Amino acid sequence: MTSQHHIVSSYDQELTHLKNIINQMGGLAENQLDRAVEALVKRNDEIADCVVRSDQKIDDLEHEISGLSVRMLALRQPMADDLRTIVSAIKVASDIERVGDYAANIAERSISLSQYPAVQGLSGIARMGAATRLMVKDVLDSYSERDPDKARRIWEADADIDQMYASVFREFLTYMMEDPRCISTCTHILFVAKNLERIGDHATNIAESVYFLVTGEPLTGRRPKGESGDHEPLPHLVDS
């Protein structure tokens, strides 16, 4: 067996390992999001605390991907498809890490919300959470399957999440206007909705990375945005 064969075999193993770490990282982020929304709806601090404490696992995997990618870029000097694979992995890992961060933020808000009386209207948040989780799952599948058509569909579906966010925002703004006593509670919930909307944006980023990875071309056209993409509802609802 030649030395060149060993080099090629080792390189292929590194690329496969990179993809596997992305898949593992994505699975963790998807589960974190699901449990964060569950904690919110069920007012379960134990689940929420588990989500917050588990966020470090996703961060550690991103660091592993970053280190492996930099080493491969330096030592392998990849070209064409392999170069896109490595660069895309770095970008996708960064977006997945942000999904995990937002899931942890939702869990932290859930813990805060459990100190207040329960409010009506969480069904809209639950639907938005389910739609966002499905979007994350589908985009991670598109990465694993190298499916550019699925990636484009997810890219186009971001407008649906924006519309849900706008609907939730209007609903809870109405509650705040009708009963000022619920302003603190509703503000926490609006932060949760904004976190979900941002997760949708990061899923869309991953879709763009997948499309470029497979085709070598960027997704063309203006990124679809729903109603919430046209304005920022409240200046204090910023990323945390």
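A: On a 1 Å grid over the protein atoms alone, a cavity is a set of points where a 1.4 Å probe fits but cannot get out, whereas a pocket is an open set with protein on both sides within 12 Å along at least five of seven lines, and lining residues have an atom within 4 Å of a point. This is a predicted model, in which local features need pLDDT of at least 70 and side-chain atom pairs count only at pLDDT 80 or more, while totals for chains, interfaces and linings use all residues. Residues are numbered from 1 along each chain as its sequence is written, and side-chain values use heavy atoms, with hydrogens and water left out.

Q: OK, how many cavities of 30 Å³ or more does a search of the whole structure find?
A: The search finds two, where a volume is the space filled by probe spheres set on the points, and grid points are joined across faces, edges and corners.

Q: Which residues line the largest cavity?
A: Its lining is made of Leu 40, Arg 43, Leu 113, Pro 117, Ala 118, Val 119, Leu 122, Thr 185 and Ile 189, around about 60 Å³ of space.

Q: And how do those lining residues divide by class?
A: Seven are nonpolar, one is polar and one is charged, counting Ala, Val, Leu, Ile, Met, Phe, Trp, Tyr, Cys and Pro as nonpolar, Asp, Glu, Lys and Arg as charged, and the others, Gly among them, as polar.

Q: What about the second largest cavity, what lines that?
A: Ala 29, Ile 96, Val 99, Val 136, Leu 140 and Ile 206 line the second largest cavity, and H3 and helix H4 (122–145) are the elements that give two or more residues to this lining. Helices (H or I, at least four residues) are DSSP runs, numbered from the N terminus. The second largest cavity holds about 30 Å³ of space, and its lining has six nonpolar residues, with no polar and no charged ones.

Q: Switching to pockets, which residues line the largest one?
A: Val 87, Ser 88, Lys 91, Asp 95, Asn 205, Glu 208, Ser 209, Phe 212 and Pro 218 line the largest pocket, with H3 and helix H6 (183–215) being the elements that give two or more residues to the lining. The pocket has a volume of about 170 Å³, and its lining divides into three nonpolar, three polar and three charged residues.
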